[in-house]
Amino acid sequence: MSYWIDILSGVPQGSVLGPLLFLLFVNDLPDWIGSNLKMFADDTKLWRTQRTAMDSEILQKDLDSLLEWSIKWQLRLNPSKCKLMHVGNRAGADYFMVDESGYRIKIEEVKTEKDLGVCIRSDLKQSTQCIESARRARSVLGMVRRNFRRLDPEDLLLIYKTYVRPHMEYCVQAWSPYQIKDIQCLERVQRTATKLVPVLRKLPYEERLQRLGLTTLEKRRCRGDLIETFKIMTGKEKVSSQQFFKPSNTGHDCRGHSMKLAVTSCRIDIRKNFFSRRVVQHWNRLPQHVVDAPSVNSFKSRLDRHWQDMGT
């Protein structure tokens, strides 16, 4: 056992109350900042749309305020661990922070950064995340191939669904691929996995999926988007639907269902592939009895039955 000691700042690590105490500790940080701020535990993101030089000055002042807050509450920041990313075509300004020695250090600019397990690029494309997800999944498949000489369909499904596929679907609503090369990059992993069953190895990919009761990853991503949309639209997620969707003015006509969504315009093309846009057309095509499902499990069953009836 260690000796008792007075804690002058911070919170105890490894305790049940630690995360809650830390949230209370940093609770007032947004009051010091004028720009947009998102916090997840000790991971804080600060951003602002750069339209004029004044916006850059405001963002630098917010960084100075952030440093002032950290000094006051004895939670010093490490400038070398802070990163800067410019999103868009305009050349961004440089930003600086002061370290403990009082030196003014330029924040390192990056083109790619991992945020909560997802690789974010400055051009907002998903290729890096797809390659990384496929790499982790193939690594697990290689371990399975080395340790299992012979697999039957039941064993493969258990291993694949538990240890392989989750790598390719983690937080996929945020980075779902739209380029053919990225879609194929992930699909090749599942193609390889279905060949691990000797009796299925020589069959076409579509027939292997049918024998195993699987679908393509692209179809699963579409299904996941619809399930998440159902949760948001029915209040089963603790977020406002207005953050993602705009109700359609024609939602009560004879076509479609009563929860139809409007297709909003986009200033940049890549925005069309974001979750709040790509799911709208698929959602609007659903019949009324599917969106009227009383629960998430019921929605999944009705959706699968509807697709089966439609032959998709």
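## Arg-211 and its partner

Arg-211 is exposed, at 53% relative accessibility. In this predicted model, Arg-211 makes a salt bridge with Glu-207. The closest N and O atoms are 3.4 Å apart. Glu-207 is partly exposed, at 30% relative accessibility.

Both residues belong to helix H7. Arg-211 and Glu-207 sit four residues apart there, so about one helical turn separates them. Side chains of opposite charge can pair when their charged atoms come close.

## Other salt bridges

The structure holds 12 salt bridges. One of them joins the side chains of Glu-132 and Arg-136, at 3.3 Å from N to O. These two lie in helix H3, residues 127-147. They are four residues apart, and therefore separated by about one helical turn. Glu-132 and Arg-136 also belong to a network of salt bridges, together with Arg-135.

Asp-182 pairs with Lys-181. Here the closest N and O atoms are 3.3 Å apart. Is Asp-182 buried or exposed? Asp-182 is buried, with a relative accessible area of 3%.

## Surface patches

Positive charge gathers on the surface at Arg-145, Arg-146, Arg-150 and Arg-201. Arg-201 lies in a loop, between helix H6 (180-194) and helix H7 (205-212). Its relative accessible area is 45%, so Arg-201 counts as partly exposed.

A nonpolar patch of about 380 Å² is made by Leu-17, Leu-20, Leu-21 and Leu-24. Leu-20 is in helix H1, residues 18-25. With a relative accessible area of 47%, Leu-20 is partly exposed.

## A buried glutamine

Gln-60 is found in helix H2, residues 53-72. Gln-60 counts as buried because its relative accessibility, 12%, is under the 20% cut-off. Which residues does Gln-60 contact, leaving aside its neighbours within four places in sequence? They are Asp-94, Tyr-95, Phe-96 and Arg-104.

## The chain as a whole

The protein chain has 12 helices and eight strands. Its C-alpha atoms fill a box of roughly 65 × 55 × 40 Å along the principal axes. Of its 312 residues, 34% count as buried. Among contacts with a separation of 6 or more, 55% involve residues 24 or more positions apart.

The chain exposes about 20500 Å². Carbon and sulfur atoms supply 53% of that area. There are 52 positive and 36 negative charges, and their mean positions are 8 Å apart.

How values were computed
Residues are numbered from 1 along each chain as its sequence is written. This is a predicted model: local features need pLDDT of at least 70, side-chain atom pairs count only at pLDDT 80 or more; totals for chains, interfaces and linings use all residues. Side-chain values use heavy atoms; hydrogens and water are left out. Patches are made of residues with over 30% relative accessible area and no salt bridge: like charges are joined within 9 Å, nonpolar side chains (Val, Leu, Ile, Met, Phe, Trp, Tyr) within 5 Å. Accessible areas come from the Shrake-Rupley method with a 1.4 Å probe; for residues, only the protein chains shown count as cover. A salt bridge is a side-chain nitrogen of Lys or Arg within 4 Å of a carboxyl oxygen of Asp or Glu. Buried means under 20% relative accessible area, exposed over 50%, partly exposed in between (1.4 Å probe, protein chains only). Contact means heavy atoms within 4.5 Å. Lys and Arg count as positive and Asp and Glu as negative; His and the chain ends are not counted. The place of a charge is taken as NZ of Lys, CZ of Arg, CG of Asp or CD of Glu.
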